[in-house]
Amino acid sequence: MLTRKIKLWDINAHITCRLCSGYLIDATTVTECLHTFCRSCLVKYLEENNTCPTCRIVIHQSHPLQYIGHDRTMQDIVYKLVPGLQEAEMRKQREFYHKLGMEVPGDIKGEACSAKQHLDPRNGETKADDSSSKETAEERQEEDNDYHRSDEQVSICLECNSSKLRGLKRKWIRCSAQATVLHLKKFIAKKLNLSSFNELDILCNEEILGKDHTLKFVVVTRWRFKKAPLLLHYRPKMDLL
């Protein structure tokens with residue numbers, strides 16, 4: 001099978017932070033538009049702004065920090081693509097804690113052990129340390145099987161209650177409790193080939209849900225004592241009916 005090598009600088013635009021222009025560290029994604037930045041860069045930016053630095057969409061009028069989340073998948077990709085980046089970052093964090101006279105957190109110690117890698121001078125490829133290669137392979141296999149990571153999951157039934165829209169072929173879905181109503185709108189719009197997700201309303205118990213509501217919030221406030229999967233209805237917005 002023929003393979004084509006891709007140089008790192010060809011994909012730099014996809015794995016760097018638009019705020020600091022460096023490789024993503026502690027990658028954090030805006031749930032509203034799915035743009036990703038370094039966590040420290042984004043938090044500092046949102047102290048004085050409430051819009052996405054890339055597309056300028058309003059994240060939230062008053063509490064934008066509640067609508068960003070750690071993107072473990074993206075961070076794993078960056079660490080695997082950039083040789084030595086993870087080890088260098090763990091070393092900086094350890095030095096930071098030592099300088100302040102504080103104990104190094106256990107997760108950083110663990111990351112440092114698993115990040116022991118070296119660069120083969122003959123071909124420029126990163127090789128894992130022999131002593132940890134078996135453990136790393138087992139962890140990678142476990143991560144590959146865990147498609148939804150460790151998020152709490154919610155089972156949903158999406159029903160159409162309007163004759164102007166067709167029903168979904170697969171109305172039963174299961175997704176992260178951190179997903180928002182906006183994510184569901186985008187999902188439905190894509191499946192129905194709608195020109196815009198803004199044409200939709202999603203309802204629970206005949207009440208229209210706000211686009212910023214997470215599924216966890218919907219379950220707790222409107223579906224708390226029901227054992228059945230969360231039942232949501234979708235329809236065209238009232239001004240389109």
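**Close-up views of the predicted model**

**View 1. His213 is partly exposed, with a relative accessible area of 23%.** Buried denotes a relative accessible area under 20%, exposed over 50%, and partly exposed the range in between, with a 1.4 Å probe and protein chains only. The model is predicted: local features require pLDDT of at least 70 and side-chain atom pairs count only at pLDDT 80 or more, whereas totals for chains, interfaces and linings use all residues. Residues are numbered from 1 along each chain as its sequence is written, and side-chain values use heavy atoms, with hydrogens and water left out. The loop between S9 and H8 holds His213; helices (H or I, at least four residues) and strands (E, at least two) are DSSP runs numbered from the N terminus. Apart from neighbours within four places in sequence, His213 contacts Ala179, Thr180, Val181 and Val218, a contact being heavy atoms within 4.5 Å. His213 and Ala179 are separated by 34 residues in sequence and by 8.5 Å between their C-alpha atoms.

**View 2. The largest nonpolar core has 24 residues.** Such a core is a set of buried Ala, Val, Leu, Ile, Met, Phe, Trp, Tyr and Cys residues joined through side-chain atoms within 4.5 Å. Ile156, Leu158, Ile188, Ile202, Leu230, Leu232 and Tyr234 have the most contacts inside this core. Two or more residues each come from strands S6 (153–160), S7 (172–176), S8 (200–204) and S10 (230–236) and from helices H7 (181–192) and H8 (215–222). H7 gives the largest share, five residues. With residues up to four places away in sequence not counted, Leu158 touches Leu168, Lys171, Ile173, Phe187, Ile188, Leu232 and Tyr234. A second, separate core comprises 23 residues, including Leu42, Ile59, Val78 and Val82.

**View 3. Helix H4 spans residues 85–99.** Its 15 residues reach 21 Å from the first C-alpha to the last, close to the 21 Å expected at 1.5 Å a residue; the expected span is 1.5 Å times one less than the number of residues. Leu85, Gln86, Glu89, Met90 and Tyr97 are the buried residues of H4. Viewed down the helix axis, the buried residues of H4 fall within an arc of 130°, so they line one face of the helix; the arc is that of the directions from the helix axis to the C-beta atoms. Lys92, His98 and Lys99 are exposed on the other side of H4.

**View 4. Leu34 and Glu206 are non-glycine residues with a positive phi.** Most residues other than glycine have a negative phi. Leu34, with a phi of about 70°, is placed in the loop between strand S1 (27–30) and strand S2 (36–38). Leu34 is exposed, at a relative accessible area of 52%. Glu206, with a phi of about 65°, lies in the loop between S8 and strand S9 (207–208). Glu206 is exposed, at a relative accessible area of 77%.

**View 5. Residues 17–56 are listed by UniProt as "domain: RING-type" in an unreviewed entry.** Over residues 17–56 the chain is 20% helix and 18% strand, and the end C-alpha atoms lie 15 Å apart. For context, the protein has eight helices and 10 strands, and 34% of its 241 residues count as buried.

How values were computed. UniProt positions renumbered as here; feature names shortened; annotations may be inferred.
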